Amino acid sequence: MQFKPAVTALVSAVALATLLSGCKKEEAAPAPQAPQVGVVTLQPQAFTLTSELPGRTTAFRVAEVRPQVNGIILKRLFKEGSDVKEGQQLYQIDPSVYEATLANAQANVQATRSLADRYKQLIDEQAVSKQEYDDANAKRLQAEATLKSAQIDLRYTKVLAPISGRIGRSAFTEGALVSNGQADAMATIQQLDPVYVDVTQSTAELLKLRRELASGQLQKSGENAAQVELILEDGSTFAQKGRLEFSEVSVDETTGSVVLRAVFPNPDHTLLPGMFVHARLQSGVAANAILAPQQGVTRDLKGTPTALVVNKDNKVELRELKASRTLGSDWLIEEGLNPGDRLITEGLQYVRPGVEVKVSEATNVKSAANPNQANAAKADAKAE
């Protein structure tokens, strides 16, 4: 019995040591750190809306060269694929038959004119009747008309260029028989400077643009509203600027689109008829547009664009967005983000909605949406 107090004291000492050891371990455990994220502070800015529409080039003027008289081609007087001037002779049709017809018409005119002049003198002396004089005068007029027709036919044996432009291949060679009113053209001339570009725009986009302009969401982009840029098939930008001429007054029932026609200077003949191009049109100006870097915009399982922002309590919020188009590396946001929002673009994989985070300026974004980063980059470049 005298050992019980000693045993009790030993057990108490061991328990106290264990308790103190547990307290030390709990005090030594480090507190969890808030994840670090990089953010872009969004600011409203003026943004010129552009529409990039597909289209094809078309010659400004097209003329199919056809004969206006019958005959054998004696000469071809142009080089295929060359530039020709309006009024330049292209072909020579055998004129011999038309020369003979012209000579006959000239002789007939001389005879009828002499008879009419003689009857005019005799009618005053009442040697001939007025009816005979009228018949003679009518024959003179008919002979003069026949002469004029013969002169025209002889002139048509020289086939002339109706417009200036680039002429294609010749469908007929020397020795070929051609006829007035034939279906096949002898050659085709196309004027390539300037050149038309016909593009299509859906009626839905056209109605949306008009609605935004009417409501004041967009402002007209001023005198340059009709200015058009051209993107070629290789991705390069055409050096010359064009202007919008007109839009079609009817809608294509099969595609639900309207045709817009622009005119481009083409002094070097870089643009050829039938080329596939993209025209970039200035639609309007959004005075307070929100541009969000693509690094901060993702899509959920339904395909809806989303973004994570840091609120005033430094906690992460999930936002659903309505993004209409891209500008370089930025999205144009219509709904979901506001001026002053801090959009997360770095560290997205470490955070989720509701988590408290530490915020720093993003370093992976250099765009119009991040003016501070852009200014810093310019300052660094000047320092170097």
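1. Two strands count as paired if DSSP finds at least two bridges between them; strands themselves (E, at least two residues) and helices (H or I, at least four residues) are DSSP runs numbered from the N terminus. On this basis S3 and S8 pair in the antiparallel sense over two bridges, with Gly71 opposite Val178 in S8.

2. The model is predicted: local features need pLDDT of at least 70 and side-chain atom pairs count only at pLDDT 80 or more, whereas totals for chains, interfaces and linings use all residues. Residues are numbered from 1 along each chain as its sequence is written, and side-chain values use heavy atoms, with hydrogens and water left out.

3. Overall composition. The secondary structure comprises five helices and 20 strands. Of the 384 residues, 33% count as buried, where buried means under 20% relative accessible area, exposed over 50%, and partly exposed in between (1.4 Å probe, protein chains only). Among contacts (heavy atoms within 4.5 Å) with a separation of 6 or more, 74% involve residues 24 or more positions apart.

4. The sheet around S3. Four strands form an open antiparallel sheet in the order S6-S5-S3-S8. Strand S6 (158-160) and strand S8 (177-178) are the edges; each has a single partner strand, so one side of each is left without a neighbour in the sheet. S3 also pairs with strand S5 (residues 89-93), in the antiparallel sense over three bridges. Within this pairing, Ile73 has Ile93 as its bridge partner, and Lys75 stands opposite Gln92.

5. Nonpolar cores. A nonpolar core is a set of buried Ala, Val, Leu, Ile, Met, Phe, Trp, Tyr and Cys residues joined through side-chain atoms within 4.5 Å. The largest has 20 residues, of which Leu90, Tyr91, Ile167 and Ile189 touch the most other members. Strand S2 (45-65), S5 and strand S9 (187-202) each give two or more residues to this core, and the largest share, three residues, comes from S5. Leaving aside neighbours within four places in sequence, the contacts of Leu90 include Val65, Phe78, Val159, Ile167 and Ile189. A second, separate core of 17 residues includes Val228, Leu260, Phe264 and Ala279.

6. Surface patch. Ile72, Leu74 and Leu177 make a nonpolar surface patch of about 270 Å². Patch members have over 30% relative accessible area and no salt bridge, with like charges joined within 9 Å and nonpolar side chains (Val, Leu, Ile, Met, Phe, Trp, Tyr) within 5 Å; accessible areas come from the Shrake-Rupley method with a 1.4 Å probe, only the protein chains shown counting as cover for residues. Leu74 lies in strand S3 (residues 71-76) and is partly exposed, at a relative accessible area of 42%.

7. Salt bridges. Twelve salt bridges are found in the whole structure, each being a side-chain nitrogen of Lys or Arg within 4 Å of a carboxyl oxygen of Asp or Glu. Arg166 forms one with Asp83, the closest N and O atoms being 3.3 Å apart. This pair links strand S7 (residues 165-167) to strand S4 (residues 83-84), 83 residues apart.

8. A charged network. The side chains of Arg280 and Glu229 meet in a salt bridge (3.4 Å, N to O). Arg280 is in strand S13 (residues 276-293) and Glu229 in strand S10, 51 residues apart. Salt bridges that share partners join Glu52, Glu229, Lys241 and Arg280 into one network. Within it, Glu229 also pairs with Lys241, at 3.8 Å between the closest N and O atoms.
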